[in-house]
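Here is a short briefing to read alongside the sequence and the 3D view. Take a moment to look the structure over, then go through the points below by topic.

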Amino acid sequence: MEMLYHQYKRRVFGMAHRIVGQSDAEEVAQEVFVRVFRGLAAFRGDSALSTWIYRLTVNAALSHLARRGRRQEVGDDGLTELPAPPVTERDSALASRIETALALLPPGYRAILVLHDVEGLSHEECAAILECRIGTCKSQLHKARARMRELLGPNIAAQAIHTTGSSE
Amino acid sequence: MTTCETIQPRLTAYLDGDLDGERGSVVRGHLRECAACRQVARDEAALRDALRLAPPVDPPVSMWAGVQSKLAAAEVADARQPRWRRQVARWARWAPWPPTMPQYAAGAALAAAAVVMLYWRTQRVDELAPGPVAVAPIRTAPPHPIRTEAEQPAAVAPAADDVTADLLAEPARTTGSYRQVIEELMKLASDARTAWGDEQKVVFDAKLAVLRNGIDHAIQGRAQQRAQRALIRYLQLAVIRDDVMLAGGGAR
């Protein structure tokens, strides 16, 4: 049991951290592991164990957000009302700006970006975890990235080069 | 003709390598000519790479202790739960909600089977309902050589709470009730017979023998019940109409 925990703790906590935020990530991750250990006997092997654990993580994180209050959720329609954070010369750390922008995304977009782009899972795996079609998954990813580009402002590529250059 | 509006939605798939052959070539061709879309593609690729390089987040050391304590709390809650709730939880794990399409299909098939069974049972009850003769007052019959069905064993009534046994006993019960009707009609026929002429008696006896033979040789169950119904129809015509010659044609 402990081995399984150590094998998945970083990914589960990382996903929870990026979907629900730092303050609630530990609670959600604990809840996921409790569900994993209690449900392991009933796990029917319909999917890979990792897929099942990530599905539990995403579901637990999204349920947690729903419980925490719908006022913090931003629906698709509300996206246009979100102001893009101002791009300043001082704020050159693209990684931290990305984390901030990620937190401003609707939970569904956040989940697909975390699964596909951060965790590097395939569209097939993402679709299995999110229990949707692969086409839906791809379209959600496109919308999520487009929203992130809007939030991060123009010339992300230049900022990335600048960040990489300054860190070297 | 490709435009920025048609190309930009495909950029995500293109950058992830999901567009091959002609579709990829079309996007590539557009990017060569369009600086704005090239910039969008560069930004999206940079964003994707930055997300991919996002540093892993280490969980706090206290997390494992929290998991263990939550597991312990859940087990205590399990122990306090009534048994039926544990059963329901076990069932819910076996049949997750919402049901999948095959589960919907199985449920629909079961419901359809139940409706068909109910309809069939209703139809059979209508079919088996005894005719007016069965409720006619029984008159005391004089001794007569005609053999009655009373000697045959009666159907055994099943336990009321045992539906399966009830269903299994249904054919025997029907045969038994037909037998009773035949017995009553035979008593009436004995009375009526005294008023018949010789020719009528011969026709009646011959027909009766044929019909009884049919019952005796029919396979138990529906075939036997059909033969019994034929005899009932014949006796009804013979007794009620008191016309054996006519009844001879009625026993089909």
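**A residue to start with**

Glu131(A) counts as exposed because it has 10 C-beta neighbours inside 10 Å, and the cut-off for exposed is 12 or fewer. Keep in mind that this is a predicted model, for which the predictor gives the complex an ipTM of 0.77 and a pTM of 0.54.

**Around Glu131(A)**

- Glu131(A) sits in the loop between helix H6 (123–130) and H7 of chain A.
- Its backbone deserves a look: Glu131(A) is not a glycine, yet its phi is positive, at about 55 degrees.
- Most residues other than glycine have a negative phi.

**Helix H7 of chain A**

- The 19 residues of H7(A) should span 27 Å at 1.5 Å a residue, and the end C-alpha atoms are 27 Å apart, which agrees.
- Buried residues in H7(A) include the charged pair Arg145(A) and Arg147(A), and also Cys137(A), Gln140(A), Leu141(A) and Met148(A).
- After H7(A) comes Gly153(A), which has a positive phi near 85 degrees.

**Chain A as a whole**

- Chain A has eight helices and zero strands, so its elements read α-α-α-α-α-α-α-α from the N terminus on.
- Of its 168 residues, 39% count as buried.
- Among the contacts in chain A with a separation of 6 or more, 70% are between residues 24 or more positions apart.

**Where the chains meet**

- Contacts between the chains involve 31 residues of chain A and 26 residues of chain B.
- On the chain A side, at least two residues each come from helix H1 (2–20), helix H2 (22–39), helix H4 (94–104), helix H5 (107–118), helix H7 (134–152) and helix H8 (156–167).
- That side of chain A has 18 nonpolar, five polar and eight charged residues.

**Helix H4 of chain B**

- H4(B) covers residues 35–52, 18 residues in total, and reaches 25 Å from its first C-alpha to its last, close to the 26 Å expected at 1.5 Å a residue.
- Among the buried residues of H4(B) are Val40(B), Asp43(B), Glu44(B), Leu47(B), Arg48(B) and Leu51(B).

**Confidence in chain B**

- The average pLDDT of chain B is 77, and 73% of the residues score at least 70.
- Over residues 131–145 of chain B, pLDDT stays under 50, and the model has 17 contacts beyond four places in sequence for this stretch.
- Residues 247–252 of chain B also stay under 50, with 14 contacts beyond four places in sequence.
- Where pLDDT is low, the predicted coordinates should not be read in detail.

How values were computed: Residues are numbered from 1 along each chain as its sequence is written. Chains are lettered from A and ligands numbered from 1 in the order in which they are written. This is a predicted model: local features need pLDDT of at least 70, side-chain atom pairs count only at pLDDT 80 or more; totals for chains, interfaces and linings use all residues. Helices (H or I, at least four residues) and strands (E, at least two) are DSSP runs, numbered from the N terminus. The expected span of a helix is 1.5 Å times one less than its number of residues. A residue is buried if 20 or more other C-beta atoms lie within 10 Å of its own, exposed if 12 or fewer, and partly exposed in between; C-beta atoms are placed from the backbone. Two residues are in contact if their C-beta atoms, placed from the backbone, lie within 7 Å. pLDDT is the predictor's confidence in each residue, from 0 to 100.
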